Every structure is written in structure tokens, then in C-alpha cells.
Amino acid sequence: MTLPDVTRPDGARARSGPWWRSAAIYQVYPRSFADGDGDGMGDLAGLGHRLHYLADLGVDALWINPWYPSPMADAGYDVADHRDIDPVYGTLADAEQLIGQAHRLGLRIIVDIVPNHCSHTHPWFAAALAAGPGSAARRRFWFRPGRGVDGELAPNGWRSIFGGPAWTRVTEPDGRPGEWYLHLFAPEQPDFNWDEGDVRAEFLDVLRFWLDRGVDGLRIDSAGLLVKDPALPELDDDPLAADARAADAPAAQGGGNPYTDRDGVHEIYRGWRALVDTYPGDRALIGEVWLPDPERFARYLRPDEMHAAFNFDFLACPWRAQDLRKVIDETLAAHAPVGAPSTWVLSNHDVVRHVTRYGRRDTGFSLDHRQIGAPTDLELGRRRARAAVLLSLALPGAVYLYQGEELGLEEVENLPDAARQDPMFHRSNGTVIGRDGCRVPLPWSGEGPPFGFSAPATPGRITAPPWLPQPAGWAGLTVEAQDGRPGSMLTLYRTALHLRRAEPALGDGDLRWIDAGDRVLAFDRGDTFRCMVNLSPKPVTLPAGARVLLASTLPDAADVLLPDTAAWLHP
Ligand code: NOJ
């Protein structure tokens, strides 16, 4: 198939409206994307070298996970300096160059802002430790005396989202055991106190720093957690108490939880929006908001707050027509009143890759229900993943693609314990397997590890293997192996992304459901585009006279839709 040449130098899509309402956004997990200096860790040189691959793929924007200086206790979500780049990735000048290079290729850049917490090595936290109890430096965090005779008990019973207590006791400057500080994640990630003006001013300045460098969007980490009830009350029924919970698990509804989705958080994002709106171009705020209540979720997307937020309900939904239809309808209904675009997400760096999820008997997902080790039919998973991406790309709104899904990578479940780095694994003594399995470095070329992941400018300069071992069986999944091959996952993604760009009915807008039976999803976008997904065990006949633009399994022109396949049609 010849792809329409719709790449535009300004990255704009072939339709009106701000880019973030319709974009296909590719998530780059920098340590696992491409390694340009041979040390086994991805970096900006590697990413820069592969930008053409991403432009050719047909995505509109890149979201880059944290790249800041960090001791990497949580893979960079423990930020030590918000205005620089970790040396393992490169320099600030490299980042500035990369933003320029991406823009020249028509790719927008979204950086990850981590406002709930910082690294325990951040200068503010070091100053807080040194300044002692009662100091202004400590008020930027949540320091409290302990309970019990000698303060030996944590201030309350809150649990960390990564397992274990959410409090750690410090040694005071005089050498005695002293106060405790709050960390909803690892102890290396102290929570900021957003009641302090300093913290608010500092983050506005951090936003300015990156907006001044031309970034197009800011992904806001753990966006619902920033504001805490200063009374720090015990939870009746702690929704985060289970050690098995992962990042930002759902919490109590209605703003009643002492650290999740408190009403006061919206004032912060209003301030951020006001700042972003002073910049030229369409700059976007994109929230990571895990909430069970769609109405509470939508509040973050009111016209004076964020522009968009990740749709985790779609990601978690089982591969069943009725469930998918319900999630799609609820998503559209929740976004409509606030006028925000829906987003569609199948995978990210925190969840089990969807090829694996869809290959299981139970295809649903939740952060504490990862089903690691459950029997998995990867062939079935890939077949469904092919159908799922055509579904996502056809739905109204923006789409997020996680690196490696375009290659059909599966979750790597059998990593050796010694290689695992996720604090969830270590803090649970290995009882929670964690998120390393979806973070394995990408396979680019060749017959064995490192599969072209480490490609230093000087050949032979490879000094370390990839930071997580790649499965030996990935030779058939490399970019090189799939490039230009009809029927490969990569070819499907490229074809679909380019068609989506050229098809004015796709991206932002509405959909109209067509009745095609209980186990088939069928909807029209405009008058000339239909998406059909067959989730039944039997083939389904396509409408008479319909022209197949693209189908998730070959051949494209068949007049039936096989089970677990999707097609894009001109009806
Ligand atoms: C959500 C991020 O996606 C996750 O990777 C991280 O561990 C937590 N927030 C804490 O920053």
C-alpha cells in the first residue's frame, strides 16, 4: 500500500483545532528507547538518532518520561533538579537541541512534570533535614513528630503506594532520632507541601523554564495527589493500604480522601493554565489522574484547568464488546460537559503490556491485579492488539501509544530478580512483581541482544548490556525485521497512523454507533468512515459495497471480518 504523504513541517494534522485534541502521541521511556553511548541505558543521543523513525511512523508528538537529574530510586520520578538533564541521558544543551530537531520533523514535545514529590537528594529536602524541626525549610514538606512515648510510631497509619509505611523517621542534626516525613511513594520521594507558597512559586517557575525552551505540553505526574488534609487524619478504609497497589491507585470518591483528589488541587491547575495560556502556540497540560468517578475526573478538564488527561478506564477494560462500548460511551459522556477531548490509552510504563493482557483468559487489568504468570496466548494477544489499535485510532480524541507497542512487544515476565529495579518489587520483598516487565529496552535490529538498542557512534564502544535483559526471542520483533514487511505490527501502525492523518473524519469529533450485534463494535465517524471490531468467535460479514481501507489481519479486501479483528471502511 502506498502511504499518503501528509507529513507537515509544522506537525499540524490535516484538520482544524488545537493539536492536542486529535494527536497521536508516542510515549518515549528514555532509558529503554535507544542508547547512543553504549552504556546500556537509553539516552538523548539515541533518541535524537531515532527521531526519523518516529516521524516516519506518523505520530504527532512525543511524551518523554522524566529526564532530570535523579538518583533513579523510581526510574527518574525522584527528581533532584527540575531544570537540568541527568548525565546518563545527556545535557540540557542536548535536550534543547532535541526539542528543535523534533520540531523540524513536525513532532511536538511533551515533558513530564513531577509535582507531588521530589528526590530525597533535592537541595530543598537536604536543607529541610539540616534546618531541623519547626523551620521554614521543613514546611515545604510534611514533617511531623512521631506518636508514642519517644515518637517511635509514625504520625499516622497511611501506607505508601509502593508498599510499607508512608512515613520515614529522620535523624536530626544533633544525631538523635527525630521527626517523620511523608512519602506517598518510596522513602526516596518526599512529598511536597503544596500549602506552602514557595512550592507553588517554584513549580510555576519550573513550568516557565520548560515552556521557554519550546515544549508543547506538560504531562503532570500523580496529578490528583498534591493537596493533603493538613490534619493528616487516619483513613477509615485506606484505599491505598494494600502493599500490592501500584502508582496512583484509585482512591475514595467525592474529595473526602485526605490525600487524593482534594478540592483544593484545582486552584493549582488553574494557576498553571493561566501561565500556559500566556505562551504562544497551543501548549497543553495533560494530567495523570486515576479516579473511579468520571464526574470528579472531568473536573480536572474544565476549560480553565488541564487540556486532557489519560483514560485509564479504557486501558483497564476487558476485551469484551459490551464492556468496551460502555467505557467508550462513559468516556465521551464524561468529557462532553467540559468540552475536553477524550484520550485513548492501551499501555504505558506502569502497566502490563496489552499484548500480554489480551492473551489471557481474564483480559481485564487493574494496578493490583497484574496476573503475572497467568497462562498467556501471545498470538491471540497480538491479534487482539492489532484490532485494539485500529479501534483506538478511530475513536474521537487523542491517542497515546507506548513505545514498543508498535512492535507488538509482550510483557517480559521472567526477568531475573537481580535485574529488577522497580521499587515496588524491592519494597514488597518481591511479592509484588512490579513494572520492569514493560520497560525492557527496545529491539531495533540484529539477531540477539542488545538488538541494536546500544548503537554508539563508535562501533565496538558498548560498555554494558541493556539495563534490563531482552528476551533472546525478540529477533523477529525488531524494527529491522518488521520494517516494510506486509502484515507486521509495525507496518499496521505506520499504515494506520498515516491513514488517520489523512482522514478528516478522525481525531476530534463525534461518533455514531451502528447496530451490528452484541459482540461487534461498529461506529461511523462522519459520513464516509466506519470502524468495525469483531469481538465474537465467528466471522462477521462486512456491509455490502463497503470498501476496506485497512484491516487488522490480512487480506485487507476480504468481505468478512474474522474474530478479534478490526477494519476501517468507507461504508
Ligand atoms: C506515576 C508514574 O507514572 C509512575 O511511574 C511513578 O512511579 C509514580 N507516578 C510516582 O511518581
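Predicted model: local features only at pLDDT ≥ 70, side-chain atom pairs only at ≥ 80, totals over all residues.
**Entry: aromatic pairs**

I searched the whole structure for aromatic pairs and got 28. I then took up Tyr 53 and Trp 444. Their ring centres are 4.9 Å apart and the planes stand at 75°. An edge-to-face pair needs planes over 60 degrees apart, so Tyr 53 and Trp 444 are edge-to-face. I looked up where the two rings sit. Tyr 53 belongs to helix α2 (residues 51–57), and Trp 444 to the loop between α13 (423–427) and α14 (479–482). The pair links distant parts of the chain, 391 residues apart.

I went on to Trp 67 and Trp 210. Here the centres are 5.6 Å apart and the planes are at 40°, so I log the pair as tilted. Trp 67 lies in the loop between β2 (61–64) and α3 (92–104), while Trp 210 is in helix α6 (residues 197–212).

**Entry: charges over rings**

Which residue lies over the face of Trp 444? I found Arg 50, at 4.0 Å from the ring centre. I recorded another case at Phe 365: the charged end of Arg 357 sits over its ring, 5.6 Å from the centre.

**Entry: strand β11**

I checked strand β11 (residues 398–402) for burial. Five of its five residues are buried, so the strand is largely enclosed by the rest of the structure. In a regular strand the side chains alternate between the two faces of the sheet. I see Ala 398, Tyr 400 and Tyr 402 pointing one way from β11, and Val 399 and Leu 401 the other way.

Next I looked for partners of β11. Strand β1 (residues 24–28) pairs with β11 in the parallel sense over four bridges. Ala 24 stands opposite Val 399 there. Strand β10 (residues 343–345) also runs parallel to β11, joined by three bridges. Val 345 stands opposite Tyr 400.

**Entry: α6 against α7**

I returned to α6 to look at its packing. α6 and helix α7 (residues 265–276) meet at an angle of about 35°, with the axes 11 Å apart. The crossing is right-handed. I listed the contact residues. From α6 they include Phe 203, Leu 204, Leu 207 and Leu 211. From α7 they include Ile 268, Gly 271, Trp 272 and Leu 275.

**Entry: the five-stranded sheet**

What is the strand order in the open sheet? I read β12-β13-β14-β18-β16, with antiparallel pairing. β12 (512–513) and β16 (547–551) stand at the edges, and each has a single partner strand, so one side of each is left without a neighbour in the sheet. I followed β16 to strand β18 (residues 565–570): the two pair in the antiparallel sense over four bridges. Trp 568 in β18 is the bridge partner of Leu 550.

Helix α10 (residues 321–335) lies across β12 and β13 (520–525), at about 35° to β13. Helix α15 (residues 489–502) lies across β16 and β18, at about 130° to β16.

Notes:
Residues numbered from 1 in each chain as written. Heavy atoms only, no water. Phe/Tyr/Trp six-rings, centres within 6.5 Å; stacked < 30°, edge-to-face > 60°. Lys NZ or Arg CZ within 6 Å of the ring centre and 35° of its normal. Buried < 20%, exposed > 50% of the residue type's maximum accessible area, 1.4 Å probe, protein only. Pairing = 2+ DSSP bridges. Axes fitted to C-alpha atoms, helices over the stretch in contact; angles between N-to-C directions. Left-handed = near helix turned anticlockwise from the far one by under 90°. Contact = heavy atoms within 4.5 Å.
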